[in-house]
Amino acid sequence: MYYLSELLVAAATIGSWIHMFQKGGEKLLSRRGLSSLKYYTTLSNLFAGIVSLLILLHAFSGGKRSVSPLLSLLKYSSSVSVALTFLVVLVFLGPRMGYRPLFAEEQLFLHAIGPLLAILTFIFSPLLSPLTFRDSFLALIPTLLYAVVYAGNILKNGMGEGENTNDWYGFATGGVKTFPAVILIVLTVTWGLATGLLHLRG
């Protein structure tokens with residue numbers, strides 16, 4: 001069952017992105033082509049899918065039972081990232097934009113099913129090396145990098161308007177001056193998720 005879950009995360013994530021790549025643009029928070037990679041949702045899910053694929057390759061290549069500490073950390077970090085995706089959709093984007101469009105077609109997997117599966121495979125994985133409290137800070141790196149690029153794009157190119165907005169998540173509605181506080185809040189929430197997942201894994 002565990003391996004089937006990892007396979008589903010890998011295959012469905014890549015499949016969902018390909019669907020968006022080819023047919024996106026008509027739905028909320030969806031774009032065709034490589035512009036779909038501007039979304040944290042897309043990047044975090046692809047991160048989780050690729051890590052699941054690497055774990056499967058390890059498991060079926062006859063390697064030792066536990067994966068490397070680096071791959072274990074990547075599994076942890078990717079699970080934290082998609083957990084943030086799920087939480088933001090649930091408590092921030094959903095009330096503002098409506099849940100129905102955020103759970104339409106491939107978005108249902110990218111915003112909910114994929115993240116939950118990735119979280120469960122992390123919690124119950126029999127293959128991961130031990131993780132430490134220090135790793136909870138390393139798990140923040142992908143989110144921090146995205147926040148820096150997101151803020152930098154707005155500072156360089158401006159907010160934009162309508163479909164051309166550079167603030168597609170609405171994090172800068174209070175103005176650019178609020179960015180440091182928003183980034184701090186997001187990182188704090190992400191670290192809370194990281195410590196929570198570490199605790200659930202035991």
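This is a predicted model: local features need pLDDT of at least 70, side-chain atom pairs count only at pLDDT 80 or more; totals for chains, interfaces and linings use all residues.

Numbering runs from 1 along each chain as its sequence is written, and side-chain values use heavy atoms, with hydrogens and water left out.

Select Tyr40, Tyr146, Tyr169, Phe171 and Val186: of the 17 residues lining the largest cavity, these are the closest to its centre. A cavity here is a set of points, on a 1 Å grid over the protein atoms alone, where a 1.4 Å probe fits but cannot get out; lining residues have an atom within 4 Å of a point. This one holds about 220 Å³, counting the space filled by probe spheres set on the points, which are joined across faces, edges and corners.

Now colour by helix (a DSSP run of H or I, at least four residues, numbered from the N terminus). H3 gives the largest share of that lining, five residues.

Next, select Met20, Leu29, Tyr39, Thr41, Thr42, Gln107, His111 and Tyr169, which line the second largest cavity. Its volume is about 30 Å³, and H2 and H5 each supply at least two lining residues.

Last stop: Glu105, in the loop between helix H4 (99–102) and helix H5 (106–124). Check its backbone: phi is positive, about 50 degrees, though Glu105 is not a glycine. Most residues other than glycine have a negative phi. Is Glu105 buried or exposed? Glu105 is exposed, at 54% relative accessible area; exposed means over 50%, with a 1.4 Å probe and protein chains only.

Terms used. Buried means under 20% relative accessible area, exposed over 50%, partly exposed in between (1.4 Å probe, protein chains only). On a 1 Å grid over the protein atoms alone, a cavity is a set of points where a 1.4 Å probe fits but cannot get out, and a pocket is an open set with protein on both sides within 12 Å along at least five of seven lines; lining residues have an atom within 4 Å of a point.
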